[in-house]
Structures are given as structure tokens and as C-alpha cells.
Amino acid sequence: MSDDATTEIVPGWETIIGLEVHAELATATKLFSDAPNRFGGEPNTYVDPVSLGLPGSLPVLNEQAVELAIRVGLSLHCRVQRSVFARKNYFYPDMPKDFQISQYDLPINEEGWMELADGRRVGIERAHLEEDTGKSTHVGGGGRIHEAGHSLVDYNRAGVPLIEIVGAPDLRSAEDARAYVSELRSILVAIGASDGKMEEGSMRVDCNVSVRPVGDAVLGTRCEIKNINSLRSLGRAIVYESRRQVDLITSGERVEQQTRHWNEDEGRTHKLRSKEEAYDYRYFPEPDLVPVDPSEEWIESVRAALPVLPRERRHRLAEAAGVDTATASLTVERGMDDLAVDAIGAGADPARVLVHVENNLADGAGALTATSFAALVAMEVGGDLTATQAKTVLATLVTDGGDPAAVATDLGFEAMDDGALESVVDDLIAAHPEDWVAFTSGDDKERKKKSGFFVGMVMKATNGQADGRAVNEILARRAEA
Amino acid sequence: MSTPEGTTARVLASDIRSGARSARTVLEEHLEAIDAREGEINAFNLVLADEARAAADAVDARVAAGEDPGPLAGVPVALKDNMCTRGVPTTCSSRILEGWRPPYDATVVERLVAAGAVVVGKTNLDEFAMGSSTENSAFGVTRNPLDPTKVPGGSSGGSAAAVAAGFTPLALGSDTGGSIRQPAALCGVVGVKPTYGAVSRYGLVAFASSLDQIGPFSRTVADSALMLEVIGGHDRRDSTSIPEPAPDLSSVLDHGVEGLRIGVIEELSGDGLEGIADDVRARLHEAAAALEAAGATVATTSVPSTVYGLSAYYVVAPAEASSNLARYDGVRFGLRVDAPNAGDMNTATRTAGFGDEVKRRIMLGTYALSAGYYDAYYGKSQKVRTLILEDFARAYGEFDLLLSPTAPTTAFPIGEKTADPMTMYLNDVCTIPSNLAGHPSMSVPFGVGEDGMPVGVQVLAPASGEPTMFRAAKVLEAAAPDGHPAVGGTMVGSSAGVRHE
């Protein structure tokens, strides 16, 4: 996706990254039963015969999970299609049936793309439905299954619906990977598919990494990194793994295809299993379920109900503000793009609007309306308020709302007319002749220093009501005269 | 036909509903029959005498209160021990499930109880329903009530024997490749495998999910119809359940076969198929003649791919079983053999808990699904299934029903085939095609073989063709040669005493 040399983690080497993101879908019940889909809870209380895999129990597909999966597919520009569930067979104590119901050769969503904040597109290979496993706690032996004294299993999570989103190997840097996950998370949250909480494990990232010399067309051997629990870990793991692989190659060894475990405390990955040790999952179609074949009408009704997605919102704001989408992205992330677009529509200066959102509205817009926001920016640009005063007025508008002119008056921010300001400046020049000489004849450094001196004096004399830019303009005019 | 009227489920239910007999009395008669012969037959893994008495008393109380307990009011029923019963051990005749008590009832159990039936026990089976003789049980062999030196067939041998011995007028079995029809044939009773999806599998411990189907055993065709009407119909807990109510069979039972076109499957009954005994073949042709005499048009027809059914079945069924039986890992329920770590515990538990035949099929199925072999085995078997469906579709374009033997021979001696799994597997050659196609078929007793043991004739129908299938079965039942051992002999009379009003 990017061939910008600055993305190289190891100079001369290109890192190829593809992410697999698992997100828990925000349904009321589990994927195949009526047991509640809730985080936490006393162990083994959100369970029933189906989610415990008891003999004789049968799965029945949750329609709401299918709808959320369709929302995800449409938001990622995928083809939503007839799909078939398959069994992925392997033994693990926290997997009740010792197989996972997933989708294999016919996933519900295939072949889409997602646009990052800077406008680059990343391919989405598929986004399929599957069930989550339970959670094991290994007691003793440092928490690892092989050394543990005993293990406890909580099946509250078993059967929770997951969407697994498999991205194309289009990413080239840790920054790319983080931007990808952030964007995906924004989309999932925006469409109500998932709460996207990485810290609660409702969104989990597996990362495939390979390296090759810059310019090579052939992909290197990849490793899959598991146990990445935050965006920070994701970046660190990618950098570590890239260096590890380059070190292997440059020292004459080969990268072996492996599944590796990220250890956040040690800041390194270590081998879980090699390709030879990989499970043979013995996939076959799940005979207890029928194919899922959503009708065109259903798909279209889901599409019609989708909210405006971050990408469209960035483009709308970028167009309104005359900036690029990367510049617009922070405002969209903060959910203030409607406010900004409306304020700009009401005549506000776009640059000032985006600056205020970025610097002064980090904690939310509160009671601020687009109209008052626009009026405030107009006062500021027109010189009726200084930048400092505008910031103070804005804070009041966020807490209490109201009309910016009235707020400014209440705060005593009377705008000075130009004549009054000029006479204050002239008086100060007359009172400080040595400083004035230093200003007019000094080098850039001296001039800057003295300009600060005069502005400070003016502010003091006017109780901060003067506009610093206007003072500097007057000083410049006097110096040329 | 010679089933004593007073012993059928229909008459029992009718008498109990009208107050002519009490459910408790009827139950005690059946419990006496069980007491008398169960030690010899071993049809049951568990007899629930106390629970059954409480249920029978509850039925009587409802009748006394002027309520209608339902179409099976007070009828004793037996359940194959692979159907979940709340709080009652459900073992699948396997050590690995010994002691496990399900926290829920199978849908069929709920429906039977709601219809007033009284569950008297859980019947023996080949472990996890894998077998054709009920010899693969962790809890001992079930004997054929008509000749205790012989097998009752399997895997639902306990249910077939219970009905044949007069322990209960009705029993439920499950049929994955013939496990209801073959033991029905060998024990001389009626056994029905309904259309796939006609009866909910919720609560049936899975063997091969795409083939398993629950169905009735009874001494008369009409009783199987009654039981199927009660247990059939849509269940939202089974995704493969047909979203329709159970078909009305009772009202069409006596419509006869006048004008029906019936094809005798050449591949399963002609001289070409090795292993079909002459006496079995002779009864089949007599049955065909009886249908013709009743007004049907009968002809021989070819369903060529049925001969590949057995091979395809022994890939598909073990493949699904290998996955379905993975959950018996010692973690959550049933047997656990402790070991230093989870993986070793899984292995130790499964090694100790499963019998040889189950292990054999898990290995077969695991192999068939392995990377690199999937296409050659599982993939190819699914293609055979498609071929069989297409062949059946062609045949049903010409015929309303098809006919074949149920089993190649009459009941064989206990121990005769246990050493050679392949010979045992051949028992299901005639019954497997219906499972692979998902079609209904049933076995109706029709005379005896040279050894005096019963022969079953199989009536096959297209999907949801039960009403027509039962009409033909009723005609065969009426035309069956007299002196049928299961229904005319001493077993029912001496055991239950329920014939005598």
C-alpha cells in the first residue's frame, strides 16, 4: 500500500502486515442459543446446554448476529453472500464441543475494502461469523497450560458471536496497522456491531508479519503473532517481529512459518508452534445448521439503516473545510464533524473551527451549538476577540451555552477600536525609546524579543483586551515609517 | 394380523382416557412383564418403576378430574438410552457417559410426556448407536425375545426387544443407517425411520448428525403412526427440523394401495446382491404380490447407486461421529481419568471410556477428514449421496413407493459377526440409502424365515411421503402370514396379561 521509505522498520527492508481481527458482536444472546451474551459475571452463569456443548444439544443461529455481520460486510464494502457454517475440529478444554462452529470456504462476507483516515485503501479478504470459546485460567506454573497445577474454565464467553475480519497483507508499518485497527474499531462502534473494547477482549487482533528486501516482489515467510491486547502492543510486536526476521535472514538463517506469542512484559514474541505442529482442523460443513442465505430485501434494508460511516464523514468535512481527509479525521473521531460542518456552513472560518476542535474541545462540545460556534469564530476572525479571549468564551459556551457576544461582554472582553490601540502603542514607544531602537535596528532575535516586550506592555496597559496580532501590525507599521 | 387388540397403544390410551382401565393398572401389568423376562433379555439399561408409577398416577388423577391426558394417556413407553431425560442417567451404553444426568429433556421426551405417555425406562443400544446387534454395549448384550440365543439387531436392539417382549407397546429408537428398521425386522415388530427433519433431534445424543433420525417401534402399524404424530412436527431447537406440523397419518391409514405404483429395488433384492438370504427374498416377493393383490401396480426397478450407499455411509457417518464424539473429553461431564495435564487426561479418559467399535469409527472418521484425504473420502461420499438422491428422484418419478428387504437375513446368533466388522456392516446395506437421502422408510414384519425367525419388508418413500408409506405398511400388516412369532406367540400374553379385559 505504501512504498514510502520512511515506513521501513529496518532500513532496506519492507515489512508486510496482514491483520485478523476478531470482534464480539453486540447481540443480547449467544450465536447459537438463548444464553445471555454479557461480559463478566460469575463464572459459568451465562450458560445453557448448547453453550456447554452438552450431549444432545443443537445450535440454532441467532438472526441478530447475522444482521450485525451483514452490517459489518456492507460497511467494509464486501459481497454479502450465501454462507455455510463449518466445524473447525481441535481439542481444547475451554472449547465445549472440542470443535468450533465457524465459516470456512463460504463466508458470509467476502472481498471488500476499508479506507484509512489518510485515504489509502486496505483490502478485506473476508468477514465471517464464528463462536467464541470459553476462558481458561491456569493455576500455578506461571499461568501456562503445560506447567499449571490445575486449570479452571469459565464458559460464560463460550458461544458468544464473533466476526472475524481478515485483512489483506496491504499494511507496511506499525503506524499502518494501528490506523487500520482504529478505523475498523470506529466502524464497528458506529454501526453498533461491537463495543470494540480491546481491554475487555471484545476486540482481538492477530497479526501476520513477513519481511523482504525493498524492491523484492516475492513475499517472505510469515509468522502469525497472537495475544496482542492493545494498539500499543500491536505496534511493538510488529517492530520486534520485523527485526527478528531481518536478523535471521541477514545472519544466514531462514524464517520458519510459525505461530508466535507476544509477551508484553518482555517486549518479545516467542514460538507457540511451527507449521509442522499446526493443527489439522478437519473442516467439514456443520450438519446441524442449514446454509444462511439472506434475501436481497433483507440486505438492502440493513444497508438503508446504516449510519453515515467515518469515511463518508471525513470526506464530507474535508470537502466543507477545504482540507484533506487526514486533517479532518480527528474531528470525525471526536464525533464533532456535524458541528464543524454546520458551523462552516454558517460562515465560520474552517481553519479556526478545526483548530478549536483539536485544541479546545478535547472534552466534548457540551452545550455549544453550530450557530454560536460560527458567531464566535466570526468575532475572533474580525478582531473583536483575541485568540485567548475566544478560547475563554468557548469554554463558557461549552458549559453553559448562550450567545458569544453576550458572554464576551459578561466577561468584560470589550473590543478596542484601532485608534485607541494605536495611541496606547505610541505612548509606550515614547516611554521606552531604548527598547524601540533595539526593536527597529536589532537582528531578528532582538526584534522578536522586543516585540514580545511591547505586546506584553500593551496587554498590561489594556488589561489583556488588546489583540496581540493587531499590536504587532502597528509596531511593524511604525518601524517602517 | 394377530396382535391382540387390548395390547395396542391405541386401545390402551382409549381405555385409559375413558376411565375403562387405569394407567396404574396398565403400568403394573407391563412392569410384571419386565420383571418376568428382563433378567434374560436385558432390554433396559434402567427401569424407572417408581417414576413411572408416579406418572401413571398423575394420568389417572387427570382422568378422574375430567381432564384429557392426551392421545398416549397412560401408555408405557421405552426410550433408547441416547435420548436425554432430565435428571435421569443417559448413557448411550458407554462407560464415558456413565452417571451423567442431563439437565434437560429431549424434545421427543417432552412431547411424549405432554401426550400422557408414561416413560418406563431407558433401553440398551450399541455404544453411541454404532452397531447392528446391540452387542457393542458397555452394559451387556440384549437378547432377541423370540430366540434369546440370537441378537435383536441394532443399534436400537433394546427398544426393539422391549416392544417384541411386550415390555411396552411403544418405544423410541434412533436410526442413522438402519438402527430402527433392522432390529424391528429381526424382532418382528414395526419400526419407522421418518423423513430427515420430521422429528426433532434436540436431546438425541448425536452419532452422525446428517443421518440421525428418531422414530417409533410398535407391534402394529397404527401404533407407530400414533406415536409419530405425537413426536413429529417442527421444533425451533433443531435447525434441521421441517417447519411443518406432523402429518396426519391415522386418518389415511386405511386408504389402501389401490392405484399406487410400487417398485421393487432390483439392486437390493435381486439375485445379484450377495448376502440377501433366499428366505428373505421369498418373503419380499410375497409382500410385493400382496400389494399387487390389494390393487397396487408393482414392478421391479433399478436404483443403481444404492449399491454404493454402504461405502459412502462408512465415510460420512464416522466423519461426523469423530467430530460429534470429541466433546467426551473428561472436562465437563461423564467419565474423567486423571492425568498430569489436560491433553493426557483427554487421552486417558477416551481410552478408558470408549469401546472398540466407537474407537474404530472415530479413527476412520478422523482419517477421512484429514488434510489431503478430505476430497477423496468425505468429498466423494457427498457426491455419492447426491447420486443416490438423483437415482431416487428418477425412481419416484415412476413409482409412489419402493420396496426392499429390511435386513439381508433373519436374526443371527449372538457372537457370530463380532469378530468381523465388515460382515456386521453389511447388515445395513438395504437401510442405509434412505438415511443418505433423508427419506422415510419403515420395516413391517412379513412372515418368517426358514429358522422361524421374523422377516421384515422395507417400504421406502420420498421425503415427507409418510402418509403413503403407512398406507402400504398397513396393507402388508394385514396380508402378513399368520402365526407371526412376535405378536401371536406367548410373549405378549404371558408377559403383560393386558389382553384380557
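Modeller: This is a predicted model. In chain A, nine strands form an open sheet in the order S2-S5-S6-S9-S1-S10-S11-S12-S13, and the pairing is mixed.

Colleague: What makes S2 and S13 (268–274) of chain A the edge strands?

Modeller: Each of these two strands pairs on one side only.

Colleague: How many bridges join S5(A) to S6 (residues 121–131) of chain A?

Modeller: Six bridges join them, and the two strands run antiparallel. Glu110(A) has Arg126(A) of S6(A) opposite it. The hairpin of S5(A) and S6(A) has five residues between the strands, and Gly119(A) there takes a positive phi near 95 degrees.

Colleague: What joins S10 (residues 203–213) of chain A to S11 (residues 223–228) of chain A?

Modeller: Four bridges do, and S10(A) and S11(A) run antiparallel. Asn208(A) stands opposite Glu224(A) in S11(A).

Colleague: Which helix lies across S1 (13–24), S5, S6, S9 (161–167) and S10 of chain A?

Modeller: That is H2 (residues 174–190) of chain A, which runs at about 20 degrees to S1(A).

Colleague: Why is H13(A) called oblique to H14(A)?

Modeller: The axes of H13 (residues 433–441) and H14 (residues 444–461) of chain A come within 7 Å and cross at roughly 140 degrees. Roughly antiparallel would require an angle over 145 degrees, and 65 to 115 counts as roughly perpendicular. The crossing angle of roughly 140 degrees therefore makes H13(A) oblique to H14(A). The crossing in which H13(A) passes H14(A) is left-handed.

Colleague: Which residues of H13(A) and H14(A) meet?

Modeller: From H13(A) come Asp435(A), Ala438(A) and Phe439(A), which meet Glu446(A), Arg447(A), Lys450(A), Ser451(A) and Phe453(A) in H14(A). The residues of this contact divide into three nonpolar, one polar and four charged.

Colleague: Turning to chain B, what makes H2(B) roughly antiparallel to H3(B)?

Modeller: The axes of H2 (residues 23–41) and H3 (residues 49–64) of chain B come within 8 Å and cross at roughly 155 degrees. Angles over 145 degrees count as roughly antiparallel, so H2(B) and H3(B) are described in that way. H2(B) contributes Ala23(B), Arg24(B), Leu27(B) and Leu31(B) to the contact, and the residues from H3(B) include Ala49(B), Ala52(B) and Arg53(B). The contact of H2(B) with H3(B) divides into seven nonpolar, no polar and four charged residues.

Colleague: How many residues of chain B are in contact with chain A?

Modeller: There are 35 residues of chain B in contact with 29 residues of chain A. On the chain B side, H10 (309–324), H11 (342–353) and H12 (356–369) of chain B each give two or more residues. H10(B) gives the most, with three residues. That side of chain B divides into 17 nonpolar, ten polar and eight charged residues.

Notes
Residues numbered from 1 in each chain as written. Chains lettered and ligands numbered in written order. Predicted model: local features only at pLDDT ≥ 70, side-chain atom pairs only at ≥ 80, totals over all residues. Pairing = 2+ DSSP bridges. Axes fitted to C-alpha atoms, helices over the stretch in contact; angles between N-to-C directions. Parallel < 35°, antiparallel > 145°, perpendicular 65-115°, else oblique. Contact = placed C-beta atoms within 7 Å. Nonpolar A, V, L, I, M, F, W, Y, C, P; charged D, E, K, R; others polar. Left-handed = near helix turned anticlockwise from the far one by under 90°.
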